[in-house]
Amino acid sequence: MSLLKILGKVLLSVFAVVLVIIAIAGICFGIKGYDMYKKAVEKIPFEEKVESIRSDENFVSSDELPEIYIDAVICAEDKRFFEHNGIDLLAIGRAVFNDLRTMSFAEGGSTITQQLMKNEYFSQDKNFERKFAEIFAALDFEKKYSKEEIFELYVNTIYFGSGYYGIYDASMGYYGKTPQELTDYEAVMLAGLPNAPSAYSPNVNPKLADERMKQVLEKMVTCKVITEEEAKNILKKQQ
């Protein structure tokens, strides 16, 4: 038997062992994640959490949000939001590939529903156990609430930087107006901030905030919710 064939068999064996280890690790983390999810929801049921968020005097409903803001958030954070059931397998696959390539947790592949669950129920620690818990919670939450409800809960709780939580506080804090009064430029700007609120806050780094806003506009063009011409016109209205 040639050395090349021996090496080939050794590599196949090593690959098979690695796959088995990954599968076992996945099962272990999955079990721990499921347990974490169940304990979190038993402590604070979905209904109780939702009622708590909606009871805020500044809670903003979907019909009070500019359409361009809704489009911008979905394009920037979760372009298949209306198609998936809580998790986006394509986004997760891409994230896993990139994370393995860079040997980091730099890309998460989280949907809007997953982000809502992570922010309301779990820590921000990047580990597999928490990730599985987030996934189980997102799948369960989507069975009980509509996409419109999930979107409302998300934008009313997400952090926008500079101490502002929720779209109402961010709109009033940054621009001194309600979400309904936002210009297209302001709405798109706010849609991009939660990705990295501390870094993108216009109060902290206006230049970086503008760059992020341009990225969101590019994603909106890619999603075909606006044209390139419309994106250019929005940028011209920068204040």
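Guide: What follows takes the labels one by one and sets each value against its definition. This is a predicted model, in which local features need pLDDT of at least 70 and side-chain atom pairs count only at pLDDT 80 or more, while totals for chains, interfaces and linings use all residues. Residues are numbered from 1 along each chain as its sequence is written, and side-chain values use heavy atoms, with hydrogens and water left out.

Visitor: Why is Arg-130 called buried?

Guide: Buried means under 20% relative accessible area, exposed means over 50%, and partly exposed is in between, with a 1.4 Å probe and protein chains only. Arg-130 has a relative accessible area of 6%, so the residue is called buried. Leaving aside residues up to four places away in sequence, Arg-130 touches Met-36, Lys-118, Phe-122, Ser-123, Gln-124 and Asp-125, where contact means heavy atoms within 4.5 Å.

Visitor: What makes the rings of Phe-81 and Phe-151 a tilted pair?

Guide: Rings of Phe, Tyr and Trp (its six-membered ring) pair if their centres lie within 6.5 Å, and planes under 30 degrees apart count as stacked, over 60 as edge-to-face and the rest as tilted. The centres of Phe-81 and Phe-151 are 6.4 Å apart and their planes are at 55°, so the pair is tilted. Phe-81 lies in the loop between H3 and helix H4, and Phe-151 in helix H7, so the pair ties together parts that are 70 residues apart in sequence. Both Phe-81 and Phe-151 are buried.

Visitor: How do you know that Lys-147 lies over the face of Phe-81?

Guide: A charge sits over a ring if NZ of Lys or CZ of Arg is within 6 Å of the ring centre and within 35 degrees of the ring normal. Lys-147 lies over the face of Phe-81 at 4.7 Å from the ring centre, and Lys-49 lies over the face of Tyr-121 at 5.3 Å.

Visitor: Why is the count of disulfides 0?

Guide: A disulfide is a pair of cysteine sulfur atoms within 2.5 Å. The cysteine sulfur nearest to that of Cys-75 belongs to Cys-223 and is 3.2 Å away, and Cys-75 is in no disulfide; by this rule the count comes to 0.

Visitor: Which of the labels buried, partly exposed or exposed does Cys-75 receive, and which does Cys-223?

Guide: Cys-75, with a relative accessible area of 9%, is therefore buried, whereas Cys-223, with 28%, is therefore partly exposed.

Notes:
Helix = DSSP H or I, 4+ residues; strand = E, 2+ residues; numbered from the N terminus.
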